[in-house]
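Dear colleague,

I am handing over the structure below, together with a short account of what was found in it. Please read the notes with the coordinates open beside them.

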Amino acid sequence: MAGKYIVGSLVGSFFIAYACDYIMSDKKIFGGTIPSTVSNKEWFQETDKRMQAWPRTAGPPVVMNPISRQNFIIKTTES
């Protein structure tokens with residue numbers, strides 16, 4: 001009996017949240033514009049190309065002990 005009220009209120013709250021999000025962010029009721037860096041596909045492709053070109057460097061694997069707050073470097077032994 002109470003389940004239909006719970007489900008109904010959940011569906012209603014999701015609908016209200018979606019409607020508020022749509023009105024505020026897509027319809028821009030408070031003003032503002034979408035930056036060209038978001039809407040420009042060429043900008044996105046160039047940025048993605050540059051991000052993929054950066055070298056990826058990392059140190060050795062580390063295990064953190066949260067109790068003593070010490071980090072231990074794992075030394076691998078390759079056979």
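Which residues form a nonpolar patch on the surface? The patch is made up of Tyr 18, Tyr 22, Ile 23, Met 24, Ile 29 and Phe 30, which together have about 670 Å² of accessible area (Shrake-Rupley method, 1.4 Å probe, with only the protein chains shown counting as cover for residues). Patches take residues with over 30% relative accessible area and no salt bridge, joining like charges within 9 Å and nonpolar side chains (Val, Leu, Ile, Met, Phe, Trp, Tyr) within 5 Å.

Please bear in mind that this is a predicted model, in which local features need pLDDT of at least 70 and side-chain atom pairs count only at pLDDT 80 or more, while totals for chains, interfaces and linings use all residues. Residues are numbered from 1 along each chain as its sequence is written, and side-chain values use heavy atoms, with hydrogens and water left out.

Phe 30 is exposed, at a relative accessible area of 69% (buried is under 20%, exposed over 50%, partly exposed in between, with a 1.4 Å probe and protein chains only).

Turning to charges, there are 2 salt bridges (a side-chain nitrogen of Lys or Arg within 4 Å of a carboxyl oxygen of Asp or Glu), and they link Glu 46, Lys 49 and Arg 50 in a network. The closest N and O atoms are 3.4 Å apart for Glu 46 and Lys 49, and 3.3 Å apart for Arg 50 and Glu 46.

Best regards
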